[in-house]
Amino acid sequence: GGGARRGAAAEAAAAIPDDDAGFLERLTACPRPGEALEYAVPVCAPSAAARNYAYCVKLQPGTTKKGKAARDALEILARRCDDAAARDLVRGVDANEAILALVGGTKITNTEQNKLKKDRQVDEKHARRLKKREGSEK
């Protein structure tokens, strides 16, 4: 997270030992422009609580395995990042850590999943074109 914030996080930090309280105060769901990001932390929260998060993916009840849902969610978030540093942090999140944050019996919403599917098709098409160009240059 970025800079220190006051409010609910400060209240929660009051109940935590001093060495951990400073770390918790640096966590934020909405980094400000220019703030140096240190970590990307996977969180599963109700839509109302995550509404103002800078990076979020909407989940619904479903039958997708947690591993696939976590990997797809991380890929969606990485593709959304405008900032290279934020993208690297999202890509650096361990899939097992994201799996632990998810609730069971979930799926990514259809609109998110469809966009990811289209983005993957575009990537595959681009890769085929590059491979074809490389083959014709030889």
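These legends accompany several close-up views of one predicted model. Residues are numbered from 1 along each chain as its sequence is written, and side-chain values use heavy atoms, with hydrogens and water left out. Because this is a predicted model, local features need pLDDT of at least 70 and side-chain atom pairs count only at pLDDT 80 or more, while totals for chains, interfaces and linings use all residues.

**View 1. Lysine 68 and aspartate 72 pair up within helix α4.** Their closest N and O atoms are 2.9 Å apart, which makes this a salt bridge (a side-chain nitrogen of Lys or Arg within 4 Å of a carboxyl oxygen of Asp or Glu). Helix α4 covers residues 66-80, and the two partners are separated by about one helical turn because they sit 4 residues apart in it. Helices here are DSSP runs of H or I with at least four residues, and strands are runs of E with at least two, numbered from the N terminus. Lysine 68 is partly exposed at 38% relative accessibility, whereas aspartate 72 is buried at 4%. For these words, buried means under 20% relative accessible area, exposed over 50%, and partly exposed in between (1.4 Å probe, protein chains only).

**View 2. Aspartate 72 also reaches arginine 120.** In this salt bridge the closest N and O atoms are 2.8 Å apart. The pair links distant parts of the chain, with aspartate 72 in helix α4 and arginine 120 in helix α7, 48 residues apart. Arginine 120 is partly exposed, at a relative accessible area of 28%.

View 3. Take a step back, and salt bridges that share partners join Lys68, Asp72, Glu75, Arg79, Arg120 and Asp123 into one network. The structure holds 7 salt bridges.

**View 4. Glutamate 112 is a buried residue of helix α7.** This helix spans residues 110-137, and glutamate 112 has a relative accessible area of 16%. Leaving aside neighbours within four places in sequence, glutamate 112 is in contact (heavy atoms within 4.5 Å) with Val57, Lys58, Ile76 and Arg80.
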